[in-house]
Amino acid sequence: TFPDTTTPSGIAEALEVSFVHACMQLRSGYVDVLKLFIAAAMSSYQLGFTIPEIQEGLSKCPNESANRPLMPEEVDLRETWYSLVYLTLLSLNHPTTRKESIGASIPSTLREKYQTLVEKIIENDAVSDTTMISVEKLLTDDKEV
């Protein structure tokens, strides 16, 4: 059965299952499961669940989709992914029930590392009709790359 995605524990279960499968499928270019991960993170954001609430749910999640506990690097990557979803939605002023607490819950290290990149991607999307984004353009201040 699909988890109850109206609760932090249900969101955590959806994130846990989709994360492991997304990692496995990304190497072959398959992104549908990654979209499920993003959808679960978006639901969490919209419902106003803070990142610590989701982390707590993940720490108590009975599923181990990798058939083992995740390595610390994998836990960090998963946190980075859902934090980036939160940071992007916050930057877009996407509706949530608890905007201030959501914003404050994004780890400062991730905010400092990715805020400018997220803003550049949003800016590029607003002014460009292309579907592809040049990494070089995003990582430099020169708009002619």
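Helices here are DSSP runs of H or I with at least four residues, strands are E runs of at least two, and both are numbered from the N terminus. With that in hand, the chain reads α-α-α-α-α-α-α from the N terminus on. That makes seven helices and zero strands.

A word on the source. This is a predicted model, where local features need pLDDT of at least 70, side-chain atom pairs count only at pLDDT 80 or more, and totals for chains, interfaces and linings use all residues. Residues are numbered from 1 along each chain as its sequence is written, and side-chain values use heavy atoms, with hydrogens and water left out.

Now the inside. Of the 145 residues, 35% count as buried. Buried means under 20% relative accessible area, exposed means over 50%, and partly exposed lies in between, with a 1.4 Å probe and protein chains only.

Next, the core. A nonpolar core is a set of buried Ala, Val, Leu, Ile, Met, Phe, Trp, Tyr and Cys residues joined through side-chain atoms within 4.5 Å. The largest one here has 29 residues. Leu15, Ile54, Tyr82 and Tyr86 have the most contacts inside it. Helices H1 (8-26), H2 (32-47), H3 (51-60), H4 (72-91) and H6 (108-127) each give two or more residues to this core.

Contact means heavy atoms within 4.5 Å. Over the chain, 70% of contacts between residues at least 6 apart in sequence join residues at least 24 apart.

On to charges. A salt bridge is a side-chain nitrogen of Lys or Arg within 4 Å of a carboxyl oxygen of Asp or Glu. How many does the whole structure hold? A search finds four.

One of them pairs Arg98 with Glu53, with the closest N and O atoms 3.4 Å apart. Arg98 lies in the loop between H4 and helix H5 (99-105) and Glu53 in helix H3, so the pair ties together parts that are 45 residues apart in sequence. Arg98 is partly exposed at 33%, and Glu53 is partly exposed at 28%.

Another joins Lys60 and Glu56 at 2.8 Å, N to O. Both lie in helix H3, four residues apart, about one turn of the helix. Lys60 is exposed at 59%, while Glu56 is partly exposed at 43%.

Then there is Arg68 with Glu74, whose closest N and O atoms are 2.8 Å apart. Is Glu74 buried or exposed? Glu74 is buried, with a relative accessible area of 19%. Arg68 is partly exposed at 33%.
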